[in-house]
Amino acid sequence: MTEKPLISIEALARRYPKRGGGETTVFEDLWLPIQKGEFVCLIGHSGCGKTTILNVLAGLDQPSSGSVIVDGREISGPSLDRAVIFQGHSLLPWMTVLGNIAFAVSSRRPEWSRETVRAHCQRYVDLVHLSGSEHKKPSELSGGMKQRVGIARALAIEPKMLLMDEPFSALDALTRGSLQEEARRICRETGQTVFMITHDIDEAMLLADRIVLMTNGPQAEIVENPLPRDRLAASMHRHADYYPLRNHLLEFLVTRSKSFASEIEGRPYDPRKPAVVRPCAVAEDKVPAAASV
Amino acid sequence: MASSLTLRAGLLSLLIFAAFIGAWQWATLPTAGVAGNVDPEYAALVSGAAAQGAKSAFPTPADVAATLWGHLKDPFYVRGANDQGVGIQLAYSLGRVIVGYLLAAAVAIPLGFLIGMSPLTYRALDPFIQILKPISPLAWMPLALYTIKDSGISAIFVIFICSLWPMLINTAFGVASVRKEWLNVAATLEVGAFRKAFLVILPAAAPTIMTGMRISIGIAWLVIVAAEMLVGGTGIGYFVWNEWNNLSIGNIITAILLIGLVGMALDLALARAARLVAYRE
């Protein structure tokens, strides 16, 4: 962790004015570095400010205090360096599949000729296996196909970082599975840095290198994924570390997220360095004391 | 199934039409003559037979059909200022409607865009729009005649003012209610203001704008008849009024029918245009 992170979330906070005076704090004092090429998942209950964090990272929302540093510079608004895959697919319905992707590409590279843009878009259409549907309108596509277009659009602008807001939550289980696997393949092949929000434990286990568990308070715990990097959805449940990891995540979300504040009470808690846990079948000496429940 | 429904609907339409013509024919049957005290001036106007009750003053369907045929056979004749073909009169009216309407669109769509984009101007202009919108366009006529001093241009102004509001309000509404997600897409892609306006907001708002344009053309065609009755000279509205002065009811009915047909054609044309910009989500 000596390498300088690509993205650094520093002391981020978001508060809303409460009706009748005062303020509601959604989250505060959130610190999180993300390394280049890393896949980070954020899991938390609804209402803990997951989407707000993503919107801040995307530049669509402003934090109440704190900042986000990308490549050594504080972000001030949306940027083509940070592509967003939205929860609803957010395709422009009057454009074709190719048109939607080309709109993004020609925003990124206004100097490119029509043919260059087209050829570039076609590569990404092929990458998400949508060849043959280039000239269809979004209304003619299934939910999974629409989300693929969203992924292709985000990847085609070759961003430094990909932000995903529960991208697969609106899909049926079968489509979700195959799309998750594809997303993992693409991100590994391209070495893409990804920050994803989800409430699906299995999705996080399959995709993420690190999983950030958020409580509804300011505290968080970071879980390192012990599963092998070449894991597959079909076979990862046979791995010895699968259940320890899954149980750890589940336990945090179901019970510990509510009692986390009292759990760490009395112990020194540095929001800049939240406890890092690596749940494994064989107890490793790496596991810090904070994680032994 | 669908074709049989179309067929049955067509048959029913024919039946209704036949019943209507039958009732009309029956209502215009000659009544028993009350010969004698007939005002000679009235007799001179509606023909002697009609004045004495031997023939109805209101034309029969056959009379109107003959009049209509006469007009359609030669729609573009000009025999002096007060005797021009019905086609020429319709062309005058259409010309005024199109000029006034296009001027209104040229003002309403950019202005509506501006209002829709900025909540400040939306709020600031709203009271003016709310007060000006319900004013009958004909109420502007005296003011227009006084300031413009030209009856033809005044009629165009009246069309302009009545077409303006639906287009303005629909454009502003359409632009203001573009889905947040689409604007977010444009924001994260760092799309410039012009590209955003023309490639995201305009296509997104286009169906709403087209609805406003369709409402406007309908209102403009309604208003032109009344406006031309006031300003006179040319146009289908003037033609109707002129034929009323001539007590030529057959001509009036013909004109009414043609006004309806042209209005329908205008509406269909805009419906066709609306389909071009429609999208399915």
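I began at B:Val158. Leaving out residues up to four places away in sequence, I find that B:Val158 touches B:Pro137, B:Leu138, B:Trp140, B:Met141, B:Ala144, B:Val223 and B:Ala227. I keep in mind that this is a predicted model.

**Chain contact.** I then turned to where the chains touch. Chain A puts in 17 residues and chain B puts in 15. On the chain B side, H9 (180-188) and H10 each supply at least two residues. H9(B) gives the most to that side, with six residues.

**Helix H6 of chain B.** This helix covers residues 119-132, 14 residues in total. I get 20 Å from its first C-alpha to its last, close to the 20 Å expected at 1.5 Å a residue. There is a bend of about 40 degrees at B:Leu125. A proline, B:Pro127, follows within four residues. Is H6(B) buried or in the open? The number of buried residues is zero out of 14, so H6(B) lies largely in the open.

**Record check.** I looked up chain B in UniProt. An unreviewed entry there lists residues 90-270 as "domain: ABC transmembrane type-1". In the model, that span is 86% helix and 0% strand. Its end C-alpha atoms lie 19 Å apart.

**Sheet in chain A.** I traced four strands in an open sheet, in the order S2-S1-S4-S5, with antiparallel pairing. S2 (23-34) and S5 (73-74) are the edge strands, each pairing on one side only. S4 (residues 65-70) and S5(A) run antiparallel and are joined by two bridges. Opposite A:Glu74 in S5(A) stands A:Ile69.

**Positive phi.** A:Glu158 has a positive phi of about 45 degrees. I place A:Glu158 in the loop between helix H4 (143-156) and strand S7 (161-165) of chain A. How exposed is A:Glu158? It has 16 other C-beta atoms within 10 Å, so A:Glu158 is partly exposed.

B:Leu247 has a positive phi of about 55 degrees. Its loop runs between helix H11 (236-245) and helix H12 (249-277) of chain B. B:Leu247 counts as exposed because it has 12 C-beta neighbours inside 10 Å, and the cut-off for exposed is 12 or fewer.

Note on methods:
Residues are numbered from 1 along each chain as its sequence is written. Chains are lettered from A and ligands numbered from 1 in the order in which they are written. This is a predicted model: local features need pLDDT of at least 70, side-chain atom pairs count only at pLDDT 80 or more; totals for chains, interfaces and linings use all residues. The expected span of a helix is 1.5 Å times one less than its number of residues. The bend at a residue is the angle between axes fitted to the seven residues ending there and the seven starting there. A residue is buried if 20 or more other C-beta atoms lie within 10 Å of its own, exposed if 12 or fewer, and partly exposed in between; C-beta atoms are placed from the backbone. UniProt positions are given in the numbering used here, feature names are shortened, and annotations may be inferred rather than shown by experiment. Two strands pair if DSSP finds at least two bridges between them. Two residues are in contact if their C-beta atoms, placed from the backbone, lie within 7 Å.
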